[in-house]
Structures are given as C-alpha cells and as structure tokens.
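Please find below some notes on the fold and on two residues that deserve a look. They follow the sequence and structure shown here.

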Amino acid sequence: GPHATPATVLRMLVDAAEELKNKRWAMADLGCGSGILAIAAEKLGAAKSWGCDFDPKAVLVSKENAERNGTPKIRFTEVDVLEWEPKEQWDVVAANIFVDILEQAFPQIVRAVKPGGILLTSGILQTQAGPCLKVAEQNGIRWDRVVTRGKWLSAMGRRVG
C-alpha cells in the first residue's frame, strides 16, 4: 500500500526473501491488517505464512485478500499480540503495530523469531523510535537497518543468540 509503514516493511520483506531464497522459510505477520505482508511472503517463496490481528474485521479482510490473491492456504487468526504466547518460531516476523503495543509485546515478538531470524517492525513515529527500538534490543534484537519515511520509522533486525 501507499502508506509509509506497510510499503517500507514490504520492501524489507523483499530483501529478506532474497536472502532466504535457497532455504525453506516461514513468516508470521503480527497485526496483519489487510494481510498484504503474509500474502507477499508466500508470493516471495515462504513455505508457510501466518497472520494475526486483534480486530476480527482485519482477519476477515485478510482471508478475503488471500483468496483473491491465490494464496488461500495462509491462515489468519484473531489474536491480541499482548496476550499471545508464541507456540513456534519463525524465520521472519513482521510486526507493523503501534509503538505502545510494540513496546509491551516485544518480549513475545522476539521469542517468536528464530535465533538469527529477521524481525521487521514498523508503526513507529520517529519521535518515539529511540525508546521503542531499545526495548527490542533489550530482548535480543540487533537492528541492521532503520528507514524513515515522513514521520514514520521502520526497522529490520536479527535475533541474536
């Protein structure tokens, strides 16, 4: 989409997929909204992608979009990331979520990323970026790339350890 946050994360997802192209990989889209990132992951070669959102309407729209885009096997579920306990780890995790939720959910989000795996995050206003990114670092993320577009910031990092 044209909004700075999904557009930037989508660009980062393309780069992550290029890095993983000769491997079997999986992606989780936390705060899936319309499902665009989970759909793109499958189109870019993910063997499995899953998306969740706390909003049941977003889950419904994501399912409809997956069907329309020829990716009907993607599972979308209604999940509040603040109450979520990851049951598996993913090669790529995208979290395009508002900063206050990100900061609270980073412990769960980081646990969902495989060691050495990639975290794509956005929904962060530039004015709030420092403290937010620091919380992720304290939970085991090393940021490799930070991109600002307008008032928004997106970041790509890896889980260390």
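1. A polar contact here is a pair of N or O atoms within 3.5 Å, where, within protein, one must be able to donate a hydrogen and the other to accept it. The model is a predicted one. By that criterion, the side chains of S122 and S154 are joined by a polar contact of 2.6 Å.

2. S122 belongs to strand β5, residues 113-125. With a relative accessible area of 0%, S122 is buried, because buried means under 20%. Leaving aside neighbours within four places in sequence, S122 is in contact with T5, V9, A95, N96, I97, L102, L153 and S154.

3. The strands form an open sheet of 7 in the order β3-β2-β1-β4-β5-β7-β6, and the pairing is mixed. Direction ignored, neighbouring strands are turned by 15 degrees against each other on average.

4. Strands β1 (residues 26-30) and β2 (residues 48-53) run parallel and are joined by 5 bridges. M27 has S49 as its bridge partner in β2. Helix α2 (residues 36-43) packs on the sheet and touches β1, β2, β3 and β4, its direction making about 170 degrees with that of β1.

5. Helix α4 (residues 99-111) lies across β1, β4, β5, β6 and β7 (152-159), and runs at about 175 degrees to β5.

6. W84 sits in the loop between β3 (75-78) and β4 (90-96). At 10% relative accessibility, W84 counts as buried. Leaving aside neighbours within four places in sequence, its contacts are L30, W50, V79, Q108, I109 and A112.

Note on methods. Residues numbered from 1 in each chain as written. Predicted model: local features only at pLDDT ≥ 70, side-chain atom pairs only at ≥ 80, totals over all residues. Heavy atoms only, no water. Helix = DSSP H or I, 4+ residues; strand = E, 2+ residues; numbered from the N terminus. Buried < 20%, exposed > 50% of the residue type's maximum accessible area, 1.4 Å probe, protein only. Contact = heavy atoms within 4.5 Å. Pairing = 2+ DSSP bridges. Axes fitted to C-alpha atoms, helices over the stretch in contact; angles between N-to-C directions.
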